[in-house]
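Let's take a friendly walk through a protein fold. Have the sequence and the 3D view ready, and follow along.

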Amino acid sequence: MTGIKLFVGLGNPGSQYENTRHNAGFWWIDQIAQSTGTRMNNEAKFFGITGKLIENNQEAWLLKPTTFMNLSGRSVSALAKFYKIPAEQILVIHDELDLPPGTCKLKKGGGHGGHNGLKDIAAQLGTNDFWRLRLGIGHPGDRNAVVNFVLHPPSKTEWQLITQTIDESATLLNQLLQGQTEQAMMKLHTKIGQK
């Protein structure tokens, strides 16, 4: 079983978006980079901020596309093609409207659920067959309010729940690197589901 070779956190570049719900994927990558001491640099050829992660003899790439959410696939496919990383070794970490704050789910494949970042990645890679770590941010309750909702910061309580979820899912890094995705899923879904 091969492990994850590319971790992609989705978000929008720029300080005005830094603390918005749509940037939950960026927060996850920042957390991993910090905890593993991975240096992140702006890489023009990959349209993003990247870093090479080395942990327990495993190597992988961290990526924060700087293309804006709707064009995330351009960045992902550039790095994946360059390093010959197949879709099934890519994990995309993103905000998820259908899950409440404090929950997250790991899954492989599936649709994009209206998430423009996932939609573009699937289009650019030519497949939906990549892993996703869905970080719950909740739903505003009205479809028309979604854009405004994701581009605003979470409340203090939501922020605490989201960061707690990021902390918990970040502990699965070694299992993900080693390809122990089933174990990681079980641990994640049991642990977070028990709250």
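Predicted model: local features only at pLDDT ≥ 70, side-chain atom pairs only at ≥ 80, totals over all residues.

Residues are numbered from 1 along each chain as its sequence is written, and side-chain values use heavy atoms, with hydrogens and water left out.

Inside H3, the residues Gly117, Leu118, Asp120, Ile121 and Ala122 are buried (buried means under 20% relative accessible area, exposed over 50%, partly exposed in between, using a 1.4 Å probe and protein chains only). These buried residues pack against H2, strand S5 (90–96) and strand S7 (131–136), with contact meaning heavy atoms within 4.5 Å.

## Two helix pairs

Here are the two pairs side by side. Axes are lines fitted to C-alpha atoms, for helices over the stretch in contact, and angles run from 0 to 180 degrees between N-to-C directions.

| Helix pair | Angle | Axes |
|---|---|---|
| H2 (residues 72–82) and H3 (residues 116–125) | about 40 degrees | 7 Å apart |
| H1 and H5 (residues 156–170) | roughly 50 degrees | within 10 Å |

What do we call an angle like the one between H1 and H5? It makes H1 oblique to H5: under 35 degrees counts as roughly parallel, over 145 as roughly antiparallel, 65 to 115 as roughly perpendicular and the rest as oblique. On the H1 side, the contact uses Ala24, Trp27, Trp28, Gln31 and Ile32, and H5 brings Trp159, Ile162, Ile166, Asp167, Ser169 and Ala170.

H2 also passes H3 in a right-handed crossing. Among the residues that meet there are Val76 and Ala80 from H2 and Ile121 and Leu125 from H3.

## The nonpolar cores

Which residues touch the most other members of the largest nonpolar core? Of its 32 residues, they are Phe7, Trp28, Leu91, Leu106 and Leu133. A nonpolar core is a set of buried Ala, Val, Leu, Ile, Met, Phe, Trp, Tyr and Cys residues joined through side-chain atoms within 4.5 Å. Helix H1 (residues 24–36) gives the largest share of this core, six residues. There's also a second, separate core of 19 residues, which includes Leu6, Trp61, Val76 and Leu79. In soluble globular proteins, nonpolar side chains tend to be buried together.

Start with Arg21, in the loop between strand S1 (6–9) and H1. Is Arg21 buried or exposed? It's buried, because its relative accessible area is 7%. Not counting residues up to four places away in sequence, Arg21 touches several residues, including Trp27, Asp95, Phe149 and Glu158.

That brings us to Phe149, which lies in helix H4 (residues 146–150). Phe149 is buried too, with a relative accessible area of 13%.

Finally, look for Met186 in helix H7 (residues 181–193). Met186 counts as exposed, because its relative accessibility is 61%. Met186 and Arg134 are 52 residues apart in sequence and 15 Å apart in space, C-alpha to C-alpha.

How values were computed. Helix = DSSP H or I, 4+ residues; strand = E, 2+ residues; numbered from the N terminus. Left-handed = near helix turned anticlockwise from the far one by under 90°.
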